[in-house]
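Hi everyone, thanks for coming. Please take a look at the structure on the screen, and I'll walk you through it.

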Amino acid sequence: MGVHETIDHESRERAKFREMKEGTAEDWAIIGGEYRAFAKGLPDRVLDHLKLLDGDFGGFPVDRLEHSLQTATRAHRDGRDEQYVVMALLHDIGDTLGSYNHPEVAASIIKPFVSEEVHWICQNHGAFQGYYYFHFLGMDQNARDQFRDNPYFEACREFCEKYDQAAFDPDYDSEPLEFFEPMVRRVMERPLASMYAKAVAEE
């Protein structure tokens, strides 16, 4: 960040309260305007964070970014809609900050922008993916069975079988990240469901 940018940022009007209970309509008009501008940059921040997976192999045959691209490419080429493809692209984005709960991190990011089913697949894919390797690590291979009665069980099983567990092929011709960027921007353009949806609505 340059000096000019720092000065511009610091010179912007800010709310006057020291505690939220002191806030006025004028304060929240300022904050709301900043929030709307900041929210529009979400796709850029998500894509930048996804790039942190580049070169991170973790012992796998391909790095985590290539796995993400390959999963999304397979879903796209199979005719899945953009919500689904974006979920496939971002499903492991939580690996950096959620080493013990990465599916939940990714699911939280996409939740406002996707259907209940697509969100559920993302949130629970870890247990379903475990079917292919948990038994090698002394864990329960059938951990996914706890979800047998869920209406999205088969959809999540299919995601892992057709796209996720299959996406470790070093010779697969994946689409580059740039191919998916417009999809990410379209899916994240406006929340479908969020307590803050009204705050970002156009005036």
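Let me start with a definition: helices (H or I, at least four residues) and strands (E, at least two) are DSSP runs, numbered from the N terminus. What we have here is a predicted model, where local features need pLDDT of at least 70 and side-chain atom pairs count only at pLDDT 80 or more, while totals for chains, interfaces and linings use all residues. Residues are numbered from 1 along each chain as its sequence is written, and side-chain values use heavy atoms, with hydrogens and water left out.

Now the overview. The protein has 9 helices and 0 strands, and its C-alpha trace spans about 55 × 40 × 35 Å along the principal axes. UniProt, in an unreviewed entry, places the feature "domain: HD" at residues 64-134; such annotations may be inferred rather than shown by experiment. That span is 65% helix and 0% strand, and its end C-alpha atoms lie 19 Å apart.

Next, a pair of helices. How do we describe two packed helices? We use the angle between their axes and the distance between the axes. Here, axes are lines fitted to C-alpha atoms, for helices over the stretch in contact, and angles run from 0 to 180 degrees between N-to-C directions. The axes of α4 (residues 64-77) and α8 (residues 153-164) come within 9 Å and cross at roughly 110°. That makes α4 roughly perpendicular to α8, a label for angles from 65 to 115 degrees.

Who does the touching? Contact means heavy atoms within 4.5 Å. From α4 we have His 67, Thr 71, Arg 74 and Ala 75, and from α8 we have Phe 159, Lys 162, Tyr 163 and Asp 164.

Let's zoom in on Thr 71, which lies in helix α4. Is Thr 71 buried or exposed? Thr 71 is buried, with a relative accessible area of 0%; buried means under 20% relative accessible area (1.4 Å probe, protein chains only). Leaving aside residues up to four places away in sequence, Thr 71 touches Ala 88, His 91, Phe 159, Tyr 163, Asp 164 and Ala 167.

The buried residues of α8 include Phe 159, Tyr 163 and Asp 164, and what covers the buried residues of α8 includes α4, α5 (82-90) and α7 (116-129). Across the protein, buried residues make up 37% of the 203 residues.

Key. Angles under 35 degrees count as roughly parallel, over 145 as roughly antiparallel, 65 to 115 as roughly perpendicular and the rest as oblique. Buried means under 20% relative accessible area, exposed over 50%, partly exposed in between (1.4 Å probe, protein chains only).
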